[in-house]
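Take a walk along this chain with the model open beside you.

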Amino acid sequence: MYPIGQYLTFFLMFFILLAQGYGTFIGAKFDAAGFTKSYLGIPVFLIFYFGYKFVKKTKLVPLEEMDYETENYMSMGFENYRHEKLTVKERLKSFFA
C-alpha cells in the first residue's frame with residue numbers, strides 16, 4: 001500500500017494516541033489526574049528520545065543510506081536475489097520448487 005499505507009498508519013496511530021484519554025473530556029467535570037495518566041507517555045517519550053539524541057550525538061539516517069544486507073543477510077550464506085526481476089511464471093516455479 002505504498003505510500004498511502006505509511007500515511008494511513010501515521011494518522012491512525014496519532015488518532016489512537018489522542019483518543020486514549022477521551023474519557024477525561026466527556027465527563028461533567030474535567031479530571032486532571034486522568035488526563036495526566038492518559039497523556040504522560042507523550043512527554044516522557046519525547047524527553048527520552050531527544051535526550052538520547054543529544055547525549056549520544058546521533059543523527060537520523062536517510063532511507064537511501066541504510067544498508068539492509070551487509071553483516072546480516074549475506075553473511076549468513078544467502079545469495080543476494082532480492083532485487084532480481086522475475087516474471088510471474090518464474091516466481092510461481094520457484095515457489096513450488
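Predicted model: local features only at pLDDT ≥ 70, side-chain atom pairs only at ≥ 80, totals over all residues.

Start with the fold. The chain has five helices and zero strands. Read along the sequence, the pattern is α-α-α-α-α. How much of the chain is buried? Buried residues make up 8% of the 97 residues.

Next, the annotation. An unreviewed UniProt entry lists residues 7-26 and 38-55 under "transmembrane region". Compare that record with the model. Residues 7-26 are 85% helix and 0% strand. The C-alpha atoms at the ends of residues 7-26 are 29 Å apart. Residues 38-55 are 94% helix and 0% strand. Here the end C-alpha atoms lie 28 Å apart.

P3 lies in the segment before helix 1. The peptide bond from Y2 to P3 is cis, with omega near -5 degrees. Most peptide bonds are trans.

Helix 1 spans residues 4-19, and L18 is found in it. L18 also belongs to a nonpolar patch on the surface. F10, at 53%, counts as exposed. F11, at 52%, counts as exposed too.

The structure holds nine aromatic pairs. F10 and F11 form one of them, with ring centres 5.3 Å apart. Their planes stand at 70 degrees, so the pair is edge-to-face; the cut-off for that class is over 60 degrees. Y49 and F50 form another pair, with ring centres 5.1 Å apart. Their planes are at 80 degrees, so this pair is edge-to-face as well. How exposed are these two residues? Y49 is partly exposed, at 32% relative accessibility. F50 is exposed, with a relative accessible area of 52%.

Ring pairs also build a cluster. Its members are F25, F30, F35 and Y39.

Finish at K57. Where does K57 lie? It sits in the loop between helix 4 (41-56) and helix 5 (88-96). K57 is not a glycine, yet its phi is positive, at about 55 degrees. Most residues other than glycine have a negative phi. K57 counts as exposed because its relative accessibility is 63%, and the cut-off is over 50%. The charged end of K57 sits over the ring of F54, 4.9 Å from the ring centre.

The chain has five helices, and two spans carry the transmembrane label in the UniProt record.

Note on methods:
Residues numbered from 1 in each chain as written. Heavy atoms only, no water. Patch = residues over 30% accessible without salt bridge, like charges linked within 9 Å, V, L, I, M, F, W, Y side chains within 5 Å. Areas by Shrake-Rupley, 256 points an atom, 1.4 Å probe, with all protein chains shown as cover. Salt bridge = Lys/Arg side-chain N within 4 Å of Asp/Glu carboxyl O. Helix = DSSP H or I, 4+ residues; strand = E, 2+ residues; numbered from the N terminus. UniProt positions renumbered as here; feature names shortened; annotations may be inferred. Buried < 20%, exposed > 50% of the residue type's maximum accessible area, 1.4 Å probe, protein only. Phe/Tyr/Trp six-rings, centres within 6.5 Å; stacked < 30°, edge-to-face > 60°. Lys NZ or Arg CZ within 6 Å of the ring centre and 35° of its normal.
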